[in-house]
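Please look over the sequence and structure below before reading on. The briefing after them is sorted by topic.

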Amino acid sequence: MAKYVCQVCGYVYDPAQGDPDNGVAPGTPFEKLPDSWECPVCGASKADFAKEA
Amino acid sequence: MDPVQIAPGVYSVGVRDWNIRDFHGYSTDLGSTYNAFLIVDEKIALIDSVKKQFADQLIDNIARIVDPRKIDVVISNHTELDHSGSLARIMHRVGEDKPLYCSKMGAKNLARHFPQQWNYRAVGSGEELKLGRRTLTFLETRMIHWPDSMFSYLREDGILFSSDGFGQHYAGPETFDDEIGDRIMVHAKKYFANILLLYATHIEKLIRQVADMKLNLRMICPDHGVIWRRDPGRIVQAYLDWCRQEPERKAAVIYDTMWHSTEKMAEAINAGIMAAGVPSKPMHLRSWHRSEVMTEVFDARAVVVGSPTLNNGLFPTIADFLCYMKGLKPKNKIGAAFGSYGWSGEAVKLIEGELTDMKIELAQPGLRTQFVPEKAILDTCHEFGFKIGQAVAAAPGAGARAAVGSPGHSRTALNELK
């Protein structure tokens with residue numbers, strides 16, 4: 001599963017880790033994150049993320 | 001400095017750092033200020049604190065108005081240590097159990113700076129805090145310029161406490177914009193260019209959002225520099241203009257040099273740009289501080305970078321500047337690279353690679369010369385500069401002032417006529 005990088009602050013979403021603080025279980029692919037999900041560091045939207053090169 | 005009453009019951013209690021000259025790598029030739037504000041109502045609120053070493057001054061300033069122990073709430077708009085460094089002293093004096101208001105990210109980030117288990121009250125946009133006659137409304141401003149950043153708005157007085165937004169690194173006798181006049185704008189621009197530029201899109205969005213809130217903005221109080229009270233709309237409009245990043249019709253030639261060869265090229269290129277009717281400045285990176293250069297680059301259309309090749313690589317000051325500029329993500333620029341070399345000459349290609357990574361369009365292929373540039377090479381440099389100047393003049397938005405120059409101004413063209 002691909003990692004995604006926040007283009008605003010550089011946070012990396014790692015599907016293996018998920019985002020447990022915000023109710024996203026480990027193993028959740030980026031594509032399956034709800035549209036309302038925000039970058040846990042800077043609050044950017046999903047659209048502000050790009051696949052890690 | 002003594003505290004200043006900026007509105008009935010609202011005081012500026014921060015400090016001036018007259019002699020700081022290097023603010024984490026930003027040149028502060030006139031010093032800076034760390035502003036903090038005290039609101040005295042039924043409840044007494046302190047907004048932000050100051051750098052750690054100025055804690056005594058802050059406490060003295062507060063004590064001239066009220067006993068610090070009478071402060072009921074402390075508000076942290078921004079975690080960075082120039083605004084939170086004296087929090088430990090302040091909270092100890094005010095009372096460790098007093099509520100400490102900050103954003104959700106503020107609570108997380110402050111906890112990574114201070115081990116104390118403070119009484120954090122994490123607030124989000126739109127949440128209010130009643131102080132008595134007055135009300136504070138909070139507005140999260142993530143990434144302007146840290147994840148924790150927020151603004152606090154004192155509704156009844158129309159005062160926006162804007163954290164680092166609209167700030168300027170400037171320490172002088174003035175408290176308000178009307179006391180200094182237009183001279184302050186250059187400091188506000190430098191701050192924007194060096195601290196906020198990469199978040200321009202966010203800032204534009206935030207300003208639109210604030211405009212929709214129809215706040216009765218009478219005063220903007222940033223955490224650095226003077227307070228905007230004569231016409232707060234002016235700095236807001238300046239920010240909107242800056243966020244658009246529509247460069248002026250000008251160029252900057254940024255270089256370093258070892259035996260003056262790259263410098264000679266820089267001078268000839270700069271002359272060529274000016275011959276095309278475009279203002280330009282050659283800036284030697286060991287004479288100009290990177291933050292001054294960035295301010296110049298911020299509103300220039302063309303960024304022309306020259307480096308000698310040192311040990312098969314870039315000259316270190318050039319690498320420093322390119323790294324710095326890249327992080328600030330400037331937009332809508334054209335660029336070019338040049339430099340003198342001895343035997344291998346990698347620097348020009350390396351600069352071009354960096355400029356391309358920054359999405360800076362190359363206006364001319366890079367120009368290299370081995371060892372000392374002779375007259376013919378300098379003529380080529382002049383022509384190279386002239387073409388860059390023409391590209392600047394022809395760029396969209398260059399407007400009616402464009403195209404002052406004509407090829408007849410070029411030194412090479414003149415030579416051909418001889």
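The model is predicted.

**Chain A: fold and dimensions**
- Chain A contains 3 strands and 0 helices, and its elements follow the order β-β-β from the N terminus.
- A compact globule of 53 residues would have a radius of gyration near 10 Å, and chain A agrees with this because its own value is 10 Å.
- The C-alpha trace of chain A extends about 25 × 20 × 15 Å along its principal axes.

**Chain A: burial, contacts and surface**
- In chain A, 38% of the 53 residues are buried.
- Among contacts in chain A with a separation of 6 or more, 46% link residues 24 or more positions apart.

**Chain B: strands around E13(B)**
- E13(B) covers residues 135–140 and is mostly covered, with 5 of its 6 residues buried.
- E12(B), residues 128–130, runs antiparallel to E13(B) and is joined to it by 3 bridges; within this pair, B:Glu128 is opposite B:Thr137.
- The hairpin made by E12(B) and E13(B) has 4 residues between the strands, and B:Gly132 in the turn shows a positive phi of about 135°.
- E13(B) also pairs antiparallel with E14(B), residues 150–154, through 5 bridges; here B:Glu140 has B:Met150 as its bridge partner.

Methods: Residues are numbered from 1 along each chain as its sequence is written. Chains are lettered from A and ligands numbered from 1 in the order in which they are written. This is a predicted model: local features need pLDDT of at least 70, side-chain atom pairs count only at pLDDT 80 or more; totals for chains, interfaces and linings use all residues. Side-chain values use heavy atoms; hydrogens and water are left out. Helices (H or I, at least four residues) and strands (E, at least two) are DSSP runs, numbered from the N terminus. The radius of gyration is taken over C-alpha atoms; the globule rule is 2.2 Å times the number of residues to the power 0.38. Buried means under 20% relative accessible area, exposed over 50%, partly exposed in between (1.4 Å probe, protein chains only). Contact means heavy atoms within 4.5 Å. Two strands pair if DSSP finds at least two bridges between them.
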